[in-house]
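Biologist: I am new to this structure and would like to go through it step by step. Could we look at it together?

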Amino acid sequence: MSNNPQLRIPATYMRGGTSKGVFFRLTDLPPACQQPGPARDRLLQRVIGSPDPYGKQVDGMGGATSSTSKCVIVSRSTRAGHDVDYLYGQVAIEDDFVDWSGNCGNLTAAAAAFALYAGLLPPERVPQDGICTVRIWQANIGKTIMAHVPMHGGQVREAGDFVLDGVAFPAAEIVLEFLDPAPEEEGASSAVLPTGNAQDLLDVPGIGRFAASFVNAGIPTVFLNADDLGYTGTELQPAINGDAAALARLETIRAHAAVRMGLIDHVAEAARRQHTPKIAFVAPPAAYTASSGQQVAQEDVDVLVRALSMGRLHHAMMGTAAVAIATAAAIPGTLVCQAAGGAPRTHIRLGHPSGTLRAGAEVAQDAGGQWQARKAVMSRSARILMEGWVRVPAGSF
């Protein structure tokens, strides 16, 4: 019987938006894990408690949902005009891999706050009071994000009255600006509309043909019409996540969309690229009861959106998917724009399972008529839940 001691690694457990994860300074990781590769992946899996055939992550920090099975690595940036590099890993729950494709928009707010907590910004960049703008290089997608973090007495202000549906308690608002948000990660086109079209037909053998909008902003996303799938757009998690056949059908559609978007070459590769693309379905505004019991009136929203993450309907809305939704709403002819009434809009109120969310986007056409995303804006909040050290068995990476 082995008796490997446990290693203590400095770590911070944080909520960001409607997600939470374990945050590390790059320099605090064991030397073998300071570079991409199997050692880093195994360490983060062990921290989170994956792979877990029981799907519970009891022996780790994960919460057994896509929103709570996440790790973040932050370091000082050597890139001009940036303060920190932010790298995000989506840890699969049952399966044996870490997905490094795409960003987590929710945890972006926490990454900015963590950078300040960890002393990664030069003192002259940090005001005693007011707003500190943290210039983030999002390493997964190769993009710049500006996070405007409230400060008080030289410290991040966490308390506030900003309410984010999907989070039980109010907090201070952090405004995020995603600049030129079309991801440039491996396999992703930098074009906002990868096919060049606001709408396409997606042929999924054995399932059907669907009107689809492929959008690459914030995170690659395929949008479908809810009624084409037999849904209303008012569904909550049990209606989707309790239906294994529906989840399998949606995953097959997502896999074919990934090929169509150029993210993978074959549908079989989608099993190890679960984080991207996202699949979402949209519908015109309608009244519904959110998961908290809150009544959402038809006039409170411009469009209904339900999005899946890591094979399950998300309990609220992923921040990066909100960027894609806002961008699509600003482009005429997309399914999102049509569901929202047909007229392009610079801001949109979207209805999700936990309530509503407001996001905005600026788009423009280039000389060749192709759409470009200039910027997307949304608000999130963040706070430290626990700080100190996380322990992992020696020899586990």
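This is a predicted model: local features need pLDDT of at least 70, side-chain atom pairs count only at pLDDT 80 or more; totals for chains, interfaces and linings use all residues.

Biologist: How many residues of helix α1 are buried?

Modeller: Buried means under 20% relative accessible area, exposed over 50%, and partly exposed in between, with a 1.4 Å probe and protein chains only. Helices (H or I, at least four residues) and strands (E, at least two) are DSSP runs numbered from the N terminus. The buried residues of α1 include Leu 43, Leu 44, Val 47 and Ile 48. Helix α1, residues 38–48, is largely enclosed by the rest of the structure, because the buried count among its 11 residues is 8.

Biologist: Against which strands do the buried residues of α1 pack?

Modeller: Contact here means heavy atoms within 4.5 Å. By that rule, the partners of the buried residues of α1 are β1 (6–16), β2, β3 (70–76), β4 (84–91), β5 (98–99) and β21 (382–393).

Biologist: Which residue just after α1 takes a positive phi?

Modeller: The phi in question is about 100 degrees. The residue that takes this positive value, just after α1, is Gly 49.

Biologist: How many residues of helix α5 are buried?

Modeller: Helix α5 covers residues 319–329 and is mostly covered. Among its buried residues are Gly 319, Val 323, Ile 325 and Ala 329. The count of buried residues in α5 is 11 of 11.

Biologist: How many aromatic pairs are there, and what is the arrangement of Phe 23 and Phe 114?

Modeller: Rings of Phe, Tyr and Trp (its six-membered ring) pair if their centres lie within 6.5 Å; planes under 30 degrees apart count as stacked, over 60 as edge-to-face and the rest as tilted. The structure holds 2 such pairs. For Phe 23 and Phe 114 the centres are 5.6 Å apart and the planes stand at 45 degrees, so this pair is tilted.

Biologist: How many residues apart in sequence are the parts that this pair ties together?

Modeller: Phe 23 is buried at 0% relative accessibility, and Phe 114 is buried at 5%. Because Phe 23 lies in strand β2 (residues 19–25) and Phe 114 in helix α2 (residues 105–117), the parts tied together are apart in sequence by 91 residues.

Biologist: What is the arrangement of the pair formed by Tyr 231 and Phe 281?

Modeller: Tyr 231 is in the loop between β12 (219–225) and α3 (237–241), and Phe 281 is in strand β13 (residues 278–283), 50 residues apart. Both count as buried, Tyr 231 at 13% and Phe 281 at 1%. With 5.0 Å centre to centre and 25 degrees between the planes, the pair of Tyr 231 and Phe 281 is stacked.

Biologist: Over the face of which residue does Arg 79 lie?

Modeller: A charge sits over a ring if NZ of Lys or CZ of Arg is within 6 Å of the ring centre and within 35 degrees of the ring normal. The charged end of Arg 306 sits over the ring of Tyr 288, 4.7 Å from its centre. Arg 79, at 3.7 Å from the ring centre, lies over the face of Trp 137.

Biologist: About how much space lies in the largest cavity?

Modeller: On a 1 Å grid over the protein atoms alone, a cavity is a set of points where a 1.4 Å probe fits but cannot get out, and a pocket is an open set with protein on both sides within 12 Å along at least five of seven lines; lining residues have an atom within 4 Å of a point. Grid points are joined across faces, edges and corners, and a volume is the space filled by probe spheres set on the points. The structure holds 3 cavities of 30 Å³ or more. The space in the largest cavity is about 50 Å³.

Biologist: Which element gives the largest share of the lining of the largest pocket?

Modeller: The largest pocket holds about 720 Å³ of space. Its lining has 38 residues, of which Thr 65, Ser 66, Ser 67, Ser 309 and Arg 312 lie nearest its centre. The largest share of this lining, 4 residues, comes from α4.

Biologist: Is Val 303 buried or exposed?

Modeller: Val 303 is placed in strand β16 (residues 303–309). Beyond four places away in sequence, the residues Val 303 touches include Val 282, Val 336, Ile 348 and Leu 350. With a relative accessible area of 0%, Val 303 is buried.

Notes:
Residues are numbered from 1 along each chain as its sequence is written. Side-chain values use heavy atoms; hydrogens and water are left out.
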